There are 2 protein chains.
Amino acid sequence: MKIITISREFGSGGRELGKRLADALGFHYYDTEIIREIAKETSFSEEYITSVTERGLSGFNVHFGRTFTPQVNQTAIDVLVAQHNVIKRLAEKGDSVFVGYGADVILKDLNPLKIFVCADVQYKLKRCREKNQADAHLSDREMIKQFNRIDSGRRHLHEQLASSEWGESKAYNLSVNTTGFEIKEIVPAVKEFALKWFEKTQNN
Amino acid sequence: MKIITISREFGSGGRELGKRLADALGFHYYDTEIIREIAKETSFSEEYITSVTERGLSGFNVHFGRTFTPQVNQTAIDVLVAQHNVIKRLAEKGDSVFVGYGADVILKDLNPLKIFVCADVQYKLKRCREKNQADAHLSDREMIKQFNRIDSGRRHLHEQLASSEWGESKAYNLSVNTTGFEIKEIVPAVKEFALKWFEKTQNN
């Protein structure tokens with residue numbers, strides 16, 4: 001099975017790159033569909049599932065005798081277990097691109113091509129202003145605060161699952177900084193890299 | 001002027017990628033030549049220059065009254081100034097690929113395509129065993145220690161010059177993990193990315 005996983009900074013165009021790559025390669029494409037599948041598998045609302053999958057497990061300390069032990073909400077664990085099951089099940093359906101949700105770590109046994117997508121803050125602001133009318137009332141400062149909040153959740157989730165740092169080059173096969181580009185312009189280079197990757201890894 | 005800078009983990013094949021890219025694009029190629037040019041410009045030995053350019057300025061604390069002030073050797077500063085001058089002068093000669101020596105930071109006003117090259121430790125060990133007979137007597141553990149020592153010098157040098165972290169995806173336009181590849185297999189994708197980068201940046 002050929003799998004591409006995309007981890008990305010908020011606003012960097014990672015999702016668009018994922019979709020375009022999936023189109024260019026004829027692969028399935030999954031992002032928020034994962035939330036709907038988890039909702040089917042558990043009885044939780046999509047909002048609750050989103051909050052867990054965006055931030056990972058956040059613990060609170062419980063006092064046992066003289067020690068504090070971090071405890072995690074059981075429902076959050078149920079969501080994470082379902083997230084693993086759903087992503088693995090979708091991956092079995094055929095060649096695919098997964099954007100977000102820790103798929104790079106969850107699918108590591110399938111030797112996915114792991115891509116990280118990032119961009120400079122000015123580029124992300126411009127991109128978000130163009131794409132997202134809902135946040136038009138936010139000042140640049142408020143939007144940057146939002147980027148940092150969302151990315152810190154993604155970092156937290158990654159570092160809970162993996163032994164690498166989120167966003168460090170070594171944790172991925174390819175890291176692309178989209179600053180200065182339209183996403184479609186990057187697709188041919190990434191596709192070329194992906195084809196070579198699958199040529200090498202699928203023959204072993 | 002079209003400039004590509006390559007920063008790389010020791011043993012990851014960054015130099016080979018740089019040479020092959022320069023060939024593929026018809027660019028000049030510079031790495032240790034920079035040392036020889038600095039030696040011509042200063043009166044220092046190539047060994048001394050290498051030691052400074054590999055590790056950056058390392059300070060020692062001097063006691064002034066009640067405070068300790070970090071002091072840097074004046075000859076080391078002379079080397080770093082010459083390093084800046086040499087790299088800028090070489091860059092003026094025409095389109096080029098620079099491997100190492102902080103060229104990504106020194107040439108930032110020329111808007112270089114900044115590439116980071118890394119690899120998993122097992123891949124780097126294998127690569128070094130194949131390429132470097134001089135270190136054949138070292139155990140894996142000793143070689144890994146050597147990787148870490150050299151890379152920590154590179155990290156130190158980068159972080160003395162730049163405000164970004166060495167090796168984090170955001171500090172570069174493209175980060176390539178060479179694990180699993182022969183370097184020549186990666187060249188077409190990186191070349192494609194580079195051509196698009198210059199198409200965008202040279203027209204502005």
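A salt bridge is a side-chain nitrogen of Lys or Arg within 4 Å of a carboxyl oxygen of Asp or Glu. The legends below describe views of a predicted model.

**Figure 1. A salt bridge inside one helix of chain A.** Asp151(A) and Arg154(A) form a salt bridge, with 4.0 Å between the closest N and O atoms. Both residues lie in helix α7 (residues 140-161) of chain A, and because they are three residues apart there, about one helical turn separates them. Over all chains, the count of salt bridges comes to 30.

**Figure 2. The contact between chain B and chain A.** Chain B gives 28 residues to the contact, and chain A gives 28 residues. Between them the two chains bury about 2,300 Å², and 57% of this area is on carbon and sulfur atoms.

**Figure 3. Charged and polar pairs across the interface.** Four salt bridges are counted between chain B and chain A. One of the pairs joined by a salt bridge is Lys200(B) with Glu185(A), where the closest N and O atoms are 3.1 Å apart. Polar contacts across the interface of chain B and chain A number 15 residue pairs, with both residues at pLDDT 80 or more.

**Figure 4. The side of chain B that touches chain A.** At least two residues of this side come from each of β6 (113-118), β7 (174-177) and α8 (183-201) of chain B. Helix α8(B) supplies the largest share, nine residues. Sorted by kind, the residues on this side of chain B are twelve nonpolar, seven polar and nine charged.

Figure 5. Strand β7 (residues 174-177) of chain A is joined to β7(B) by three bridges, and the two strands run antiparallel. Within this pairing, Leu174(A) has Val176(B) as its bridge partner in β7(B).

**Figure 6. The relation between the two chains.** In general, two copies of a chain are related by a rotation about an axis and a shift along it. Here, chain B is superposed on chain A by a rotation of 180 degrees with 0.0 Å of shift along the axis, and the RMSD is 0.0 Å. This is the relation of a two-fold axis. Which surface do the copies use to meet? Of the interface residues of chain B, 100% are also interface residues in chain A, so the copies meet through the same surface.

How values were computed: Residues are numbered from 1 along each chain as its sequence is written. Chains are lettered from A and ligands numbered from 1 in the order in which they are written. This is a predicted model: local features need pLDDT of at least 70, side-chain atom pairs count only at pLDDT 80 or more; totals for chains, interfaces and linings use all residues. Side-chain values use heavy atoms; hydrogens and water are left out. Contact means heavy atoms within 4.5 Å. Buried area is the accessible area (1.4 Å probe) that two parts lose on being put together, summed over both. A polar contact is a pair of N or O atoms within 3.5 Å; within protein, one must be able to donate a hydrogen and the other to accept it, and residues adjacent in sequence count only if both atoms are side-chain atoms. Helices (H or I, at least four residues) and strands (E, at least two) are DSSP runs, numbered from the N terminus. Ala, Val, Leu, Ile, Met, Phe, Trp, Tyr, Cys and Pro count as nonpolar, Asp, Glu, Lys and Arg as charged, and the others, Gly among them, as polar. Two strands pair if DSSP finds at least two bridges between them. Copies are superposed by least squares on the C-alpha atoms of residues with pLDDT of at least 70 in both.
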